[in-house]
Amino acid sequence: MNFLITGAAGFLGSTLANHLIRAGHQVRALDDLSKGDPQALSPEVHFTRGDVSDRPKLWTLLQEVDCVYHLAARVSVPESVLYPREYNTANVGGTVSLMEAMRDVGVRRVILASSGAVYGDQGEQPLKEAATPDPHSPYAVSKIAAEYYVRTIGKLWGMETVCLRIFNAYGPGQHLPPSHPPVVPHFLRQALRGGTLVVHGNGDQTRDYVYVDDVVSAMAAAAIASNVNGLVINVGSGTETSIRELVKKVGEVTGREVDSLNNSNTSGGVSRMKADLTLAGQKLNYKPSIKLDEGLRLTLQRDPRFK
Ligand code: NAD
């Protein structure tokens with residue numbers, strides 16, 4: 001098949017692109033490199049630098065494409081609290097531009113990388129796709145808005161759409177920006193450096209950490225699955241882990257004594273997250289295979305930054 005991946009030089013995009021190449025597909029990649037690194041892509045991927053709102057570029061890139069993976073986005077919850085307008089422009093405006101270009105060219109299917117963050121705080125766990133979204137941050141608002149645009153424009157113009165609500169993905173190659181880094185690689189690096197792990201809130205809040213290879217297997221399945229048009233599907237591990245437990249596991253896999261302290265900054269966060277994977281199992285034959293301890297070990301082994 002012919003694929004276009006937006007945000008392809010990023011953590012999930014590059015892992016997905018390299019997986020699809022290994023499976024014998026043609027992959028075009030678009031990324032503005034605001035964060036991504038094209039060196040992460042295998043040489044067989046056709047990389048173009050550009051913004052996801054650049055319509056002339058999209059018209060060219062979309063020719064003969066069977067399926068688009070839309071991953072280009074700003075991805076930090078705390079950063080989105082500071083810069084909501086930028087998150088709206090990139091994540092919502094970018095999605096609408098892409099959908100218009102896909103409509104113009106006539107692409108069959110689009111798969112959106114949405115987020116478990118759209119659920120916010122729900123009384124009931126595990127989180128089911130039918131729950132009413134309760135976004136707590138501009139990032140989460142941008143993701144639910146992108147879902148609605150993708151599904152609505154897709155329905156109006158006869159494009160197949162699948163929105164994958166990815167939970168906390170981690171693994172080798174995840175970006176570590178100086179401000180607002182994702183928690184898993186940040187904690188691993190801090191532990192290896194002998195630094196302090198700063199826990200927001202009391203550390204009881206839980207997340208569903210899912211290893212990147214499991215996310216990629218769900219994404220690959222979404223391109224060829226039948227009876228998925230218009231669906232929103234969770235992609236997680238189905239297990240919840242508190243930040244306190246994560247600190248302990250990071251200490252175990254790194255073999256270091258870890259120091260942690262709590263601060264009161266919980267802006268934009270939620271208290272519990274655990275994905276219900278029933279629909280993913282039924283529609284994508286998805287079954288996460290890598291538990292957190294193993295995933296942390298694989299991340300340390302496979303990511304040269306942790307050597
Ligand atoms: P990432 O930051 O590594 O990748 C995003 C990529 O998009 C970056 O390479 C960046 O340069 C690019 N980009 C940003 N704005 C762009 C624009 N306007 N035009 C073109 N490229 C642009 O993040 P990631 O973790 O790989 O996330 C990929 C997608 O998956 C995002 O849409 C994110 O919201 C979603 N997601 C990720 C997670 C996770 O835990 N990693 C969880 C839920 C959802």
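Which hand, left or right, does the crossing of helix 6 and helix 10 have? In this predicted model, where local features need pLDDT of at least 70, side-chain atom pairs count only at pLDDT 80 or more, and totals for chains, interfaces and linings use all residues, the crossing is right-handed, the near helix being turned clockwise from the far one by less than a right angle. Residues are numbered from 1 along each chain as its sequence is written, and side-chain values use heavy atoms, with hydrogens and water left out.

Helix 6 (residues 183-193) and helix 10 (residues 292-302) pack with their axes 11 Å apart and at an angle of about 65°, and they are therefore roughly perpendicular to each other (65 to 115 degrees). Helices here are DSSP runs of H or I with at least four residues, numbered from the N terminus, and axes are lines fitted to C-alpha atoms over the stretch in contact, with angles from 0 to 180 degrees between N-to-C directions. In the contact (heavy atoms within 4.5 Å), Val-184, Leu-188 and Leu-192 of helix 6 meet Leu-296, Thr-299 and Leu-300 of helix 10.

Elsewhere, the structure holds 1 cavity of 30 Å³ or more, a cavity being a set of points on a 1 Å grid over the protein atoms alone where a 1.4 Å probe fits but cannot get out, with lining residues having an atom within 4 Å of a point. The largest cavity contains about 40 Å³ of space, and its lining includes His-70, Asn-91, Leu-112 and Lys-143. Helix 5 gives the most to this lining, with 3 residues.

Definitions and conventions
1 Å grid on protein atoms, 1.4 Å probe; cavity = no way out; pocket = protein on both sides within 12 Å on 5 of 7 lines; lining within 4 Å. Points joined across faces, edges and corners; volume = space filled by probe spheres on them. Helix = DSSP H or I, 4+ residues; strand = E, 2+ residues; numbered from the N terminus. Parallel < 35°, antiparallel > 145°, perpendicular 65-115°, else oblique.
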